[in-house]
Amino acid sequence: MSLVKDEQSSGLELKEGLENLAFQEDSQPEQSSRRGQVQAVSVEDCPAGEESYTQIRPYAGMPKEVLLLYSRKACYRLPREILFWLTVACTLVLVALTITVIVLSPPCLSWWQTTPVYQVYPRSFKDSNADGVGDLRGIKEKLSHFQYLNIKAVWISPFYKSPMKDFGYDVEDFRAVDPLFGTMEDFDDLLASMHSMGIKLIMDYIPNHTSDKHIWFQLSRNRTDYYSDFYIWVNCTEGHPPNNWVSVFGNSTWTYDPERGQCYFHQFLKEQPDLNFRNPDVIKEMTDVIHYWLKKGVDGFRMDAVKHMLEATHLRNEPQVDPTKPPETVNTEFDLYHDYTYTQVGLHDILRGWRAVMDEYSREPGRYRFMVTECYDYEEIEKTMMYYGTPFIKEADIPFNFYLLDLPDGLSGVRAKELVELWMSNMPTGKWPNWVVGNHDKPRMSSRTGQEYVKAINMLLLTLPGTPTTYYGEEIGMENVNVSVTQDPFGKFDPNNSRDPSRTPMQWSGNLNAGFSDSQNGTWLDIGSNYKTINVEVQQSDPLSVLRLYRDLSLLREKDVVLLRGWLCYIWEDTNVFAFLRELDGLNRAFLVVLNFGEDTETDLSTITELPDQLNVRISTLPDTPSSFQKSRIRTSKGQGLLLEYSTSQRFHTGHSSQCYVSEKACYLSALDILYKC
């Protein structure tokens, strides 16, 4: 049936049959002649010799019967099938190649591995309200400083509500900001601003103790049921502690509390009572604190003083280092072997539980939550390495490596190599190293070694494999300041070991209070007398300054895969010089780092056959340095550092495995510009 138009009536008429001329039977010539003559044609695209086909040419809108007549012809079917299977094959090859690249590619580095970590001591970084003390708004004002240095992770020391007996490490409320530093709204604003600039925020987490003003302690001392055992209480009489245990800050770890009629335990100040982590409720409450800050968006925690978290329950006296010393004169932590108060069984179980909590918040791409532990284990480095966890159980991403803090003790090339090797040779296979040359507990490196070595030390920090940590002011070479009034509680006990000199206000400019504060009444600690010449503003405009060198190295470290992922190989150490290589398999270039920690000297590396004769200077810490050196005559001045670049197809580590380390081996494939496991 079809609709046709009636020419005479200008109407439509329903008519039997099919009007499309292409589908008229050949036996209907009379109809064909009335509609117009249709010339039958053969399929011109088919090669000669194929079966004749006398239907008309294909046309738009043809029904499937005609389409199938054409599509079944070999001349159409074969090209179509060839294209189909070629597409399938290409797809499979691409899928296989993608899977291969994924399987062979080494894991991507996390944010905490690709950037230096910068420690801000908030009291001394920037004062925004002219009270002489730094605060959170002041940190926000100076976020551009981190961008300038190419720093994308900032660790902020405590800003919790606190009586400030230990400047924030005595916490009164883990969920509040101390008014001295601002408000919680100031913190939220700071965190949002940092994230908008691509900067991660690491907080100090202080699990071992609280302030004696904390509500938990107040309820515990009056024996409120739930809180009664939140702290460590033992029977004693006033003036007669239960054993010889000694505080980090000196004298007994026990203080008698007349309200409860017992002694409580404190490994630091008497105003910092230790929590009882053998009480599951304490673990739960402190875990809730972690949840609170992670929900706010904090990117990680520096776990403070973790080795102190558990103590032996038997309360035996600890053995004296010097058995002949009268027991009544034992009053410092170095007088005892801390067999019963440091690194007790069960400590790592608690930390691994917190790591699991942080992993729950790390599932979102780009939001990995970082965990670093702080403990000084001194010669017992194997205890520090335990914080890395095991191959089966994850713990800290890194435990802080404080061993480079000992570099000034016998400063030399040999000493530098010993301290680097100490960490690398003890670090578990596949773990990530880290390096610290200063913090709020130790004197500044520039005052211990002298300004002439500051640049070389920063070059060491930023060219070693792993994560470097920079204490505020180290990027400009700030020095210790002889303060007029001691504020540090440890300094009041032992003036020779006061921490105040390394905590003085940041030197931003040559203006009033070094640009740190607009206060007319001074600052909480004295400003360094050299602030006119050692400050950020002056050094930004000086291409040869400590600051500019730090920035150049930080930028290079981020973009150069050799410095981020390459091998570390020691090739030279003597009284003056420490030299090492950074190389990557598959890449035809490498770096030689030469650091002078002694006097002017010339180093001959001609015995290192893997080095080419000519080495080009990429960065030098001193001006007027030649653009290249012969490997047999590398001349360095006192405190000079050289980053030399060279092209080579030879690898040093293949023949000197005992001198080389890499966290996770990777090779470079130049054809695809990718890394792969090898």
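Trainee: How do the residues of the lining of the largest pocket divide into nonpolar, polar and charged?

Mentor: This is a predicted model, in which local features need pLDDT of at least 70 and side-chain atom pairs count only at pLDDT 80 or more, while totals for chains, interfaces and linings use all residues. Residues are numbered from 1 along each chain as its sequence is written, and side-chain values use heavy atoms, without hydrogens and water.

The lining of the largest pocket comprises 15 nonpolar, 10 polar and 11 charged residues. A pocket is an open set of points on a 1 Å grid where a 1.4 Å probe fits, with protein on both sides within 12 Å along at least five of seven lines; lining residues have an atom within 4 Å of a point. The largest pocket has 36 lining residues, and Val248, Asp441, Lys442, Phe490 and Arg499 lie nearest its centre. Its volume is about 830 Å³, a volume being the space filled by probe spheres set on the points.

Phe125 and Phe146 are stacked, because their ring centres are 5.7 Å apart and their planes lie at 10°. Phe125 is buried, with a relative accessible area of 0%, and Phe146 is buried with a value of 0% (buried means under 20%). Phe277 and Trp354 have ring centres 6.0 Å apart and planes at 75°, so this pair is edge-to-face. Phe277 and Trp354 are both buried. Ring pairs also join a cluster that includes Phe159, Tyr160, Trp216 and Trp293.

Definitions and conventions. Nonpolar A, V, L, I, M, F, W, Y, C, P; charged D, E, K, R; others polar. Phe/Tyr/Trp six-rings, centres within 6.5 Å; stacked < 30°, edge-to-face > 60°. Buried < 20%, exposed > 50% of the residue type's maximum accessible area, 1.4 Å probe, protein only.
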